[in-house]
Amino acid sequence: MTMRLYNTLTRTEEAFAPSLDHTVRMYTCGPTVYARGHIGNFRTFICVDVLRRTLKYLLGYRVKQVMNFTDVDDRTIVGAQQAGMDLRPYTDQYIAAFREDARALGLEEVEENPRATDETNLRAMAEIVGTLEKQGHAYRSDGSVYFRISTMPQYGHLARLDHGGMKAGARVDSDSYEKEDARDFVLWKATKPGEPAWDFGTGPGRPGWHLECSAMALRLLGPPPLDIHAGGIDLVFPHHENEIAQSEGATGKPFARFWVHVEYLIVDEQKMSKSLGNTYTIPDIIARGFRPSAVRYLLLSAHYRKQLNFTWASLGQAEEALRRLTDFLSRLDAVNGPGAHPDIAARVEAARTAFATAMRDDLNTAAALGAMFELVRALNSAIDAREIGAGDATLIRAAFDEFDGVLGVLSLRRAEDQKPPVPVEEIERRIEDRHAARRRRDFAAADRIRDDLAARGVLLEDSAGSTRWKRK
Ligand code: AMP
Ligand code: ZN
């Protein structure tokens, strides 16, 4: 089975199927781990997660997905210096935060999460640099190595660059390295005082950002071409254009068949980005009383190739929409009459078809959600009219499980509902404190612990000398 997927390389929707073994080999440019990711970043990762789930659960492919952590670049180095930390422990913190937020947003774990500074990856980068130098695609200058763009006539194809407008010789970028041509970009940056440096045959220095992705993608997902390379729309140029130049220069083969780009999450007409100071993180959202499941719903509800304007009102509407779905499913749980109705089965089947058709049409999530809500409306009426039986309910639940395999919001909601409002370790520690208070006959302190937990949604029950807890 195939789907239609928009390919930035051809600027058209094309039929997508993997090229090898029924396995989709997909690379996603991951976060730069110098700060906690914001929900703009997560829009991209959630949309790619929906693509991954569609390929797996709706189309039945195996997926091998690699998403890197960019743990060395200008921003991570400056951040670590300002924090007075070594680069590795500095970036560790943001990788941990990313994993925590990704879990909260129901992102499936991908098969590989390489870090740029792992030795195997650095060696792979050095190898590409060596190959590019040998083939004349790279040159050294002041201890750094640059990619020579004039050797790649195809350069600029992805971004549809106008070569006439790109003049050789002019210095357009802010770094102080010497290049033959303004368009040339750095593959390996010569070491500077106070910066981390590695040398696997390239001379002491550190990798350029673009090289990191090419090396990790080719090492873990080769042979090229990969099936899908994905990221946010801002990566088309120069990042992805440069990844293509390096990879194709080194291997002589096309790098990726499909390029998938997710549009911006915006706030008041501007891209949500750390430099503009208009970002929200998952902890920010939780502090405002919203749940990560609502964020996931909101960010996947709009088509990934359209900009999405974030407002607190829209997050509130996402919360409400999600609640309509879960209310319906609770109502369904109470259906216990006998029988199954052919017209209900037909409606469910029509919704499954509409959902699948929408998702296979370049991930039309808005239409897929529309099909779900239309079904919910019809079934709510059927429940009101008592024209629905336990046999129907089983079928309906199976359909919603199928929808949710792809969207991943209802299961996330359920997991949130089951999570105790206070971490279990804390509850257990407080129970111990309360026993200790009672042993020293400080009943006021013991009661305070009980009342405090009750105020936070956890009830303690004493029986036969032991204490159990439950959700309020
Ligand atoms: P970074 O951590 O800056 O490397 O970005 C990680 C990913 O988030 C990249 O794929 C970016 O393109 C993407 N991204 C950054 N800002 C936004 C935004 N406002 N909306 C959607 N994606 C974004
Ligand atoms: Zn990348």
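Q: Which helix and which strand each supply at least two residues of the shell around ligand 1?
A: This is a predicted model. In it, the shell around ligand 1 draws at least two residues from each of two elements, helix H1 (39-58) and strand S9 (226-232). The largest share, four residues, comes from H1. The helix and strand asked for are H1 and S9.

Q: How many residues of the shell around ligand 1 are charged?
A: There are 18 residues around ligand 1, and Thr32, Thr44, Asp234, Leu265 and Met272 come nearest. By class, six are nonpolar and eight are polar. The charged residues number four.

Q: What share of the accessible area of ligand 1 does the protein cover?
A: A polar side-chain atom of Asn41 lies 3.1 Å from an oxygen atom of ligand 1. Nitrogen atoms of the ligand are involved too: one is 2.8 Å from a polar side-chain atom of Thr44, and one is 2.8 Å from a polar backbone atom of Leu265. On its own, ligand 1 has 490 Å² of accessible area, and the protein covers 93%.

Q: Is Asp362 buried or exposed?
A: Asp362 sits in the loop between helix H10 (342-360) and helix H11 (365-384). Its phi is positive, about 55°, although Asp362 is not a glycine. The cut-off for buried is under 20% relative accessible area. Because its relative accessible area is 1%, Asp362 is buried.

Key:
Residues are numbered from 1 along each chain as its sequence is written. Chains are lettered from A and ligands numbered from 1 in the order in which they are written. This is a predicted model: local features need pLDDT of at least 70, side-chain atom pairs count only at pLDDT 80 or more; totals for chains, interfaces and linings use all residues. Side-chain values use heavy atoms; hydrogens and water are left out. A residue is near a molecule or strand if one of its heavy atoms lies within 4 Å of it. A polar contact is a pair of N or O atoms within 3.5 Å; within protein, one must be able to donate a hydrogen and the other to accept it, and residues adjacent in sequence count only if both atoms are side-chain atoms. Accessible areas come from the Shrake-Rupley method with a 1.4 Å probe; for residues, only the protein chains shown count as cover. Ala, Val, Leu, Ile, Met, Phe, Trp, Tyr, Cys and Pro count as nonpolar, Asp, Glu, Lys and Arg as charged, and the others, Gly among them, as polar. Buried means under 20% relative accessible area, exposed over 50%, partly exposed in between (1.4 Å probe, protein chains only).
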